[in-house]
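Please look at the sequence and the model below, and keep both at hand while reading. The report goes from the whole chain to its parts.

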Amino acid sequence: MRLRSFAFAATFALALAAPGLASAEAAPAITGEAIRADIGFLADDLLEGRDAGTRGYDIAARYVAARFETLGLRQAVQDSWYQPVTLAVAQLDKASAPSMIIGGRRFTNGDDVAIGAFGREPKQSLEAQAVFVGYGLKSARQKIDDYAGLDLKGKFAVALSGSPVGMPSEIGAHLAAEKSFAAQQAGAIGLITIPTAATLARTPWDNLRARAQNPMVSWIDKDGHPYVRTPGIRGTGTVHGAAADALFAGSGKTVAAIRAQAEKKGARPKGFALKPGVRIDRASSVETAPSRNVLAVLPGSDPALSHEYVLLMAHLDHLGIRESAKGPDKVYNGAMDNASGVATMLAVAKAFIESGERPKRSILFAAVTGEEDGLLGSQYLARNSVLPAGGKLVGVVNLDMPILTYDFQDVIAFGADHSTLGPIVEKAAKAEGVSLSPDPLPSEGLFTRSDHYRFVQEGIPAVFLMTGFAGPGKEAFEHFLKTDYHQPSDQMSLPFHWEAAAKFAKVNYAIAREIADEPQAPLWYKGDFFGDAFAPDAPKAVKP
């Protein structure tokens with residue numbers, strides 16, 4: 001039977017056909033029941049886990065679009081609620097096992113090497129010399145250049161995973177994520193990673209090599225190719241055990257000694273040329289899958305500020321159906337991750353409409369695809385703006401997996417200390433009786449690990465909001481991560497605290513309102529690492 005389009009009461013839709021028609025005296029009413037209804041639908045088995053590029057995700061996207069339309073928001077894309085995002089799904093060819101040959105010795109994928117699919121070159125045989133580059137980091141601001149004095153042109157860079165012990169976590173996470181870019185700048189054609197002892201303690205080798213078997217997902221660029229930030233890095237892989245030892249044969253150095261050195265605070269092993277040649281052989285197949293970001297706009301009311309946009313976003317996708325799941329339940333419903341964030345965004349949009357007072361700046365609402373595949377929908381939106389001519393994105397608020405199982409007393413805004421968004425968030429939260437707490441997990445580098453970061457990379461100040469650790473928060477968060485995160489149990493049977501869900505939405509409404517109505521658009525702080533790295537020429541504020 002053909003799936004029917006979602007429909008809502010026509011009279012209600014007409015009543016809200018344009019923003020600002022509700023009574024200006026009516027206070028925004030945000031209820032836990034309404035949020036529960038949205039999460040309940042988005043996390044239903046009917047949607048099959050909302051995996052990007054699948055029918056279940058498309059149903060979720062249609063639902064969000066219908067909610068936007070009913071509220072009376074405007075389309076951000078001409079004649080559509082959607083920004084199409086074509087995904088490229090690359091998988092290893094099962095008939096031809098990838099391998100890495102090091103100094104004439106062949107290592108098969110899944111043994112001591114882990115090689116993933118590569119969509120830009122379905123058939124590949126890449127051979128070159130290799131150079132050890134320490135951690136493979138480069139930053140003029142941090143006065144780090146692990147490539148100094150090394151010849152990488154046309155060669156493989158071989159780098160330790162992660163960043164030096166003791167480096168500030170967010171900076172270390174950023175520089176580690178930029179290793180391919182640094183290698184490409186140095187002229188390398190490939191990047192081979194050696195996991196440090198710290199990496200292996202967090203993620204055992206069996207898990208690392210298993211991940212390499214998963215499909216590699218990207219989006220199709222304007223030239224019809226799977227998008228990568230570093231097209232010059234054509235060969236990649238991770239090595240361990242005998243394969244890692246083989247790379248250092250004849251160098252007088254051992255992997256064990258280098259790992260031991262890397263465990264010391266501030267240590268940065270020096271680079272040197274390696275003797276064995278390296279060849280990577282692999283075959284991949286590539287399929288495309290249509291997906292979409294769901295977008296809506298609430299136009300600003302101030303003629304002088306309405307061309308400036310605040311982005312309120314949440315990712316709509318989750319992990320889909322996986323036969324590998326333990327137990328009979330194979331559906332990864334993603335109730336907390338991230339139906340809760342999408343439902344919060346919808347509640348905030350409704351509150352703006354029902355307030356009867358449009359914000360001074362315009363607000364772009366976005367439910368994005370492909371977060372679980374590598375922040376893909378947000379990256380596509382960040383690099384393919386939907387704003388009209390003269391429009392400018394000035395700040396981003398990202399809602400990703402708030403833990404709504406307890407009555408939170410504080411919120412965490414990852415990134416708050418990098419820009420003037422911090423004081424804005426603190427002021428708005430305080431008005432709702434909620435305090436702003438510092439990052440309780442600095443070692444995780446969470447500021448660099450969710451959708452907002454794709455906009456940070458384009459120079460836009462951003463924060464990532466979550467419920468805080470005060471009171472029962474820490475225990476609730478840790479319990480969810482240990483028991484339910486990326487598991488089929490992340491579903492409506494979780495002990496949701498619906499009054500807390502309403503409170504979180506109210507706090508986010510206050511935050512979005514404050515950002516939109518502030519006379520000054522958000523600014524990076526002077527001397528901040530991320531502002532200097534991604535928006536060096538933008539005006540800056542002095543940090544209090």
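## Contacts and domains

Two residues are said to be in contact when they have heavy atoms within 4.5 Å. In that sense, eight residues of domain 1 are in contact with seven residues of domain 2. The bounds of such domains come from an automatic or database domain assignment, and here domain 1 is made of 35-72 + 299-432 + 461-517, while domain 2 covers 90-286. The centres of domain 1 and domain 2, taken over C-alpha atoms, are separated by 34 Å.

Residues are numbered from 1 along each chain as its sequence is written, and side-chain values use heavy atoms, with hydrogens and water left out.

The pLDDT is the predictor's confidence in each residue, from 0 to 100. Its average over the chain is 93, and 95% of the residues score at least 70. Over residues 1-27, however, the pLDDT is below 50, and this stretch has 36 contacts in the model beyond near neighbours in sequence. Where pLDDT is low, the predicted coordinates should not be read in detail.

## Strands and their partners

Helices (H or I, at least four residues) and strands (E, at least two) are DSSP runs, numbered from the N terminus, and two strands pair if DSSP finds at least two bridges between them. Strand β7 (residues 130-132) and β14 run antiparallel and are joined by two bridges, with F132 having F272 in β14 as its bridge partner.

Strand β3 (residues 99-102) pairs with strand β4 (residues 105-108) in the antiparallel sense over four bridges, and S99 has T108 in β4 as its bridge partner. Four bridges also join β3 to strand β15 (residues 278-298), again in an antiparallel run, where the bridge partner of I102 is V278. Are the residues of β3 buried or exposed? Buried means under 20% relative accessible area, exposed over 50%, and partly exposed in between (1.4 Å probe, protein chains only). S99 and I101 point one way from β3 and M100 and I102 the other way, and all are buried.

## The turn at G103

The hairpin of β3 and β4 has two residues between the strands, and in it G103 takes a positive phi near 60°. G103 counts as exposed because its relative accessibility is 56%. Which residues does G103 contact, leaving aside its neighbours within four places in sequence? They are P276 and G277. G103 and V278 are 175 residues apart in sequence, yet 6.5 Å apart in space, C-alpha to C-alpha.

## Nonpolar cores

A nonpolar core is a set of buried Ala, Val, Leu, Ile, Met, Phe, Trp, Tyr and Cys residues joined through side-chain atoms within 4.5 Å. The largest one has 146 residues, and those with the most contacts inside it are F68, L316 and F365. This core lies between domain 1 and domain 2, because both give residues to it. Another core, of eleven residues, lies apart from it, with V131, A159, A183 and I233 among them.

In helix α12 (residues 421-431), the residues L421, G422, I424, V425, A428 and A429 are buried. They cover an arc of only 165° around the axis (taken from the directions from the helix axis to the C-beta atoms), and so they are on the same side of α12. On the other side of α12, K427, K430 and A431 are exposed. The cover over the buried residues of α12 includes β20 (392-399), β21 (410-414), β22 (435-437), β23 (462-467) and α15 (498-517). After α12 comes G433, whose phi is positive, near 75°.

Helix α2 (residues 32-42) has as its buried residues G32, I35, D38, I39, F41 and L42. The buried residues of α2 pack against α3 (55-71), α10 (335-355) and α15.

Note on methods:
This is a predicted model: local features need pLDDT of at least 70, side-chain atom pairs count only at pLDDT 80 or more; totals for chains, interfaces and linings use all residues.
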